[in-house]
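Grab a pencil and work through these exercises with the structure open beside you. Try each task yourself before you read its solution.

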Amino acid sequence: MKLFTGILFIVVAIFASVTLVPPYWANYQFEDALKTEALMATNSTKTEDAIRDTVFKRAAALDIPLEKEKIKVQHLGENGNGSVTIEAPYAVQINIPGYPITLNFDPVTTNKGVF
């Protein structure tokens, strides 16, 4: 009986890892992309709409179910004299048999210029 319980535990742990790790890994990569975009946009004349488009395309590349309308971009100042804040909340539905889970992610980043 202990052997069966041990094997069952291992199977459940592997299933949970395969199911839950990919959304968290994609979120990690997406947050890194947001930080990079905020850094680059702070030192450029890129508009808020252009930043929003870049963020949306990066989310699509990572298979993140992000709605473009929910991306909030605030770009104050220009050419290193201001700041850029990007907010991109989204939710991922995980379908575990008998126990569906909604994972809510709320990546936010702010970068301030050097001046």
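**Exercise 1.** Find which side chain makes a polar contact with that of Thr-85, and describe the surroundings of Thr-85.

*Solution.* Step 1: look at the side chains of Thr-85 and Thr-110, which are joined by a polar contact of 3.2 Å. (A polar contact is a pair of N or O atoms within 3.5 Å; within protein, one must be able to donate a hydrogen and the other to accept it, and residues adjacent in sequence count only if both atoms are side-chain atoms.) Keep in mind that this is a predicted model, where local features need pLDDT of at least 70 and side-chain atom pairs count only at pLDDT 80 or more, while totals for chains, interfaces and linings use all residues. Residues are numbered from 1 along each chain as its sequence is written, and side-chain values use heavy atoms, with hydrogens and water left out.

Step 1: skip residues up to four places away in sequence, and Thr-85 touches Lys-72, Val-73, Gln-74, Thr-109 and Thr-110 (contact means heavy atoms within 4.5 Å).

Step 2: is Thr-85 buried or exposed? Its relative accessibility is 16%, so Thr-85 counts as buried (buried means under 20% relative accessible area, exposed over 50%, partly exposed in between, with a 1.4 Å probe and protein chains only).

**Exercise 2.** Describe where Ile-101 sits and what Ile-101 touches.

*Solution.* Step 1: strand β4 (residues 99–105) holds Ile-101. Step 2: with a relative accessible area of 19%, Ile-101 is buried. Step 3: leave aside neighbours within four places in sequence, and Ile-101 is in contact with Val-92, Gln-93, Ile-94 and Ile-96.

**Exercise 3.** List the elements of the whole protein in order.

*Solution.* Step 1: count two helices and five strands. Step 2: read from the N terminus, which gives α-α-β-β-β-β-β.

Terms used. Helices (H or I, at least four residues) and strands (E, at least two) are DSSP runs, numbered from the N terminus.
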